Amino acid sequence: MAKAYNFFSCSLFIFFWFISSISLHAEAAVKTYKFDVQVKNVSRLCHAKPIVTVNGMFPGPTIYVREGDRVLVNVTNNAQYNMSIHWHGLKQFRNGWADGPAYITQCPIKTGHSYTYDFNVTGQRGTLWWHAHIFWLRATVHGAIVILPKQGTLFPFPQPDMETNILLGEWWNNDVEEVEKQGNKMGLPPNTSDAHTINGKPGPLFPCSEKHTFAMEVEQGKTYLLRIINAALNDELFFGVDGHNMTVVEIDAVYTKPFTTPAILIAPGQTTNVLVQANRAPGRYFMAARPFMDAPVIVDNKTATAILQYKGVPDTIIPSLPKLPAPNDTSFALNYSTKLRSLNSPQYPANVPLKIDRHLFYTIGLGINPCPTCINGTKLIASLNNITFVMPQIGLLQAHYFNIPGVFITDFPDKPPTPFNYTGAPLTANLGTSQGTRLSRIPFNSTVELVLQDTNLLTVESHPFHLHGYNFFIVGTGVGNFDPAKDPAKYNLVDPPERNTVGVPTGGWAAIRFRADNPGVWFMHCHLELHTGWGLKMAFVVENGKGPNQSVLPPPKDLPPC
Ligand code: C2O
C-alpha cells in the first residue's frame with residue numbers, strides 16, 4: 001500500500017514537473033482584438049434606437065486571455081462621440097497609457113481615429129470587465145474580461161463543467177448622452193433607467209421583452225461558474241437564482257474563501273464569480289437582479305430577469321422569482337460583506353500591508369452649488385474632503401510624465417479641512433466646497449491606508465469607490481463615524497477581501513490598504529456615474545521608484561493627441 005502510494009506520488013511529481021515545465025517554457029501568448037466603435041440600432045422595451053456599441057454588439061465582445069498574456073486591442077472610433085476604453089481592474093503596471101480614463105491617462109480617441117491599448121496581464125486571474133470611460137457611454141459600451149489561470153493551473157475550488165458571463169446593466173429609452181445633458185441642465189439627477197438588464201436583455205417583467213430574455217441551458221447534476229459583472233451606471237444590485245444557492249469563489253479577480261448564499265450584493269464596477277449546481281427538479285428558474293438602496297433617495301425597484309433552463313424542459317413552464325433581500329435590507333448588505341474573505345492560501349497569499357506610511361481620511365459629501373445656467377439656478381455637486389474635482393483639458397498622465405505645468409496641483413489634503421459630526425443630523429448647506437484639479441502625491445512603494453467616510457451632507461448614501469492601477473484590501477467597514485482610537489483594533493489584517501471597488505456603507509466608512517508600487521497617475525472615483533459627473537473623484541500621483549523597473553514606461557507612439 002505504502003509502495004503504491006509512493007509510486008503514485010512519484011509519478012504525480014513527474015507529472016506536475018512535466019506540466020509546470022511546459023508552462024514555464026511556453027511563450028506568453030499575444031492576444032489581438034479589434035474594437036470597432038460604431039452606432040447600431042437596437043430595440044428594447046418596444047423602442048428602437050441607435051446606441052454606441054463595440055462591433056455592433058450589446059453587451060460588447062468578451063476578451064478571453066490567460067494570466068501572463070500580452071493583449072493588444074485596436075480601437076477605432078466610428079461613432080460621433082469621443083471615446084476611451086478602460087480595462088477595469090487590470091493593474092497596468094507602469095503602463096497607465098493603457099488604462100483608459102479620458103483626460104486622466106489619455107486624451108479621447110476622436111471620431112475616425114484609432115488607438116491600440118497594449119498591456120500585459122500579470123499576476124491576475126478571474127473576471128474583470130472593460131467599459132467606455134467618458135461621459136455615460138459605458139451604459140452600452142462594455143463587456144467582460146475573462147482571465148484564465150496559467151496553462152496547467154486549476155481553480156482553487158471544484159472545477160466547473162461550464163461557465164457563463166452574466167453582465168448586469170441598465171437601459172434607457174432615450175439616448176444616454178441626452179439623459180446626462182438633461183440632468184446637467186436641471187442640476188438634478190436625470191430620469192432613472194427604464195430597465196435593468198441581464199446580458200443586455202430586460203426579461204419578461206418588462207414590456208415587449210419576451211424575446212429579449214437571456215436564457216442559460218443547464219444539465220442536471222452539472223456545476224456552472226457564473227461570472228457576474230455589475231455594469232449598471234447607478235445601482236448596487238442584488239442577484240439570485242430561484243431555488244439555487246450560489247457559492248462565491250472569487251471577487252474582482254481575486255479568489256475568496258468559498259461561502260454559500262441565496263443572494264449576492266454587487267456594486268457597479270465589481271465582479272463576483274459563483275458556482276451554481278444544477279441540482280433541482282428539472283424546470284425553468286428565474287435569475288433576477290434588483291437594486292439595493294438603503295438611503296432616502298429615489299428608489300428604483302425594477303427587476304431584470306433571465307432564465308436558468310434545465311435541458312429538455314419545455315418553454316411553456318412558467319418560472320418563479322428568487323426571493324431577493326428587500327431593496328433596503330441594510331443588515332443583509334452588512335452581513336454579506338463580512339462573509340467576503342480572501343482565500344489567503346500559500347499559492348494566493350493576502351499580502352496586507354501591516355505598517356502604514358501614510359494615513360488618509362477622505363469625506364464623501366454631496367452639496368448644492370449656484371448654477372446660473374441651470375433651470376433652478378442651483379445644481380447638485382459632490383466632493384471628497386470638500387473638493388469637487390475639475391476635469392483637466394489634457395491627460396494628467398502626460399502632464400505628469402512631461403512635466404507640463406498648470407494642469408494639476410498635488411495639494412489634495414490628507415484629511416478634511418474641518419472635522420465635524422460626519423454622520424449626524426443632515427446638514428443642508430455644503431461646507432464651502434472648493435473646485436480644483438487637485439491630486440495627492442504618494443512616494444513609490446509607500447503603504448497607504450485610506451478611510452473613506454460617508455457624510456450626511458444633504459443625505460447619506462452608499463458609494464462604490466474604485467481605484468485604478470491597484471487592488472486594495474478592505475481591512476474594515478462600519479456604520480457611523482470612523483473612530484481612529486477604537487476601529488483599527490477590529491481590522492481584519494489576515495484575510496480581508498481584496499478588490500478594486502469597495503462599497504462604502506450608507507452613513508458609514510470603509511478602510512482600505514494598498515502598497516503604492518505602481519508608478520503613474522491613478523484615478524479614484526465613485527463608480528455611480530451620476531456622482532462621478534458631480535465631481536466625486538480625485539487622482540493619485542505615484543512617484544517613480546529608483547530601481548530599473550520602477551518608473552512609468554514611455555508613452556506609445558499612437559497615444560491620442562488632445
Ligand atoms: Cu470602471 Cu474609472 O472605472
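1. A disulfide joins Cys107 to Cys562, with an S to S distance of 1.6 Å. The two ends are 455 residues apart: Cys107 sits in the loop between β5 (85–88) and β6 (114–120), and Cys562 in the segment after β32 (537–542). Cys107 is buried, at 1% relative accessibility. The model is predicted.

2. Three disulfides are found in the whole structure. Counting bonded cysteines along the chain, their pattern is 1-3, 2-6, 4-5.

3. Cys46 and Cys208 form another of these links, S to S 1.9 Å. The torsion about their S-S bond is about 100°, so this disulfide is right-handed. Cys46 lies in the loop between β1 (30–44) and β2 (47–54), and Cys208 in the loop between β10 (195–198) and β11 (215–218), so the pair ties together parts 162 residues apart in sequence. Cys208 is partly exposed, with a relative accessible area of 37%.

4. The sulfur atoms of Cys371 and Cys374 are 2.0 Å apart and form a disulfide. This link is right-handed, with 70° about the S-S bond. Cys371 is buried at 6% relative accessibility, and Cys374 is buried at 7%.

5. Cys526 is buried, with a relative accessible area of 0%.

6. Ser342, in the loop between α3 (330–339) and β20 (358–370), is buried at 3% relative accessible area. A polar atom of its side chain lies 2.5 Å from the backbone oxygen of Pro496, and the Ser342 side chain reaches the backbone nitrogen of Glu498 at 3.5 Å. Residues that Ser342 touches include Tyr255, Phe473 and Asp495.

Terms used: Residues are numbered from 1 along each chain as its sequence is written. This is a predicted model: local features need pLDDT of at least 70, side-chain atom pairs count only at pLDDT 80 or more; totals for chains, interfaces and linings use all residues. Side-chain values use heavy atoms; hydrogens and water are left out. Helices (H or I, at least four residues) and strands (E, at least two) are DSSP runs, numbered from the N terminus. Buried means under 20% relative accessible area, exposed over 50%, partly exposed in between (1.4 Å probe, protein chains only). A polar contact is a pair of N or O atoms within 3.5 Å; within protein, one must be able to donate a hydrogen and the other to accept it, and residues adjacent in sequence count only if both atoms are side-chain atoms. Contact means heavy atoms within 4.5 Å. A disulfide is a pair of cysteine sulfur atoms within 2.5 Å. Lists of a residue's contacts leave out its neighbours within four places in sequence.
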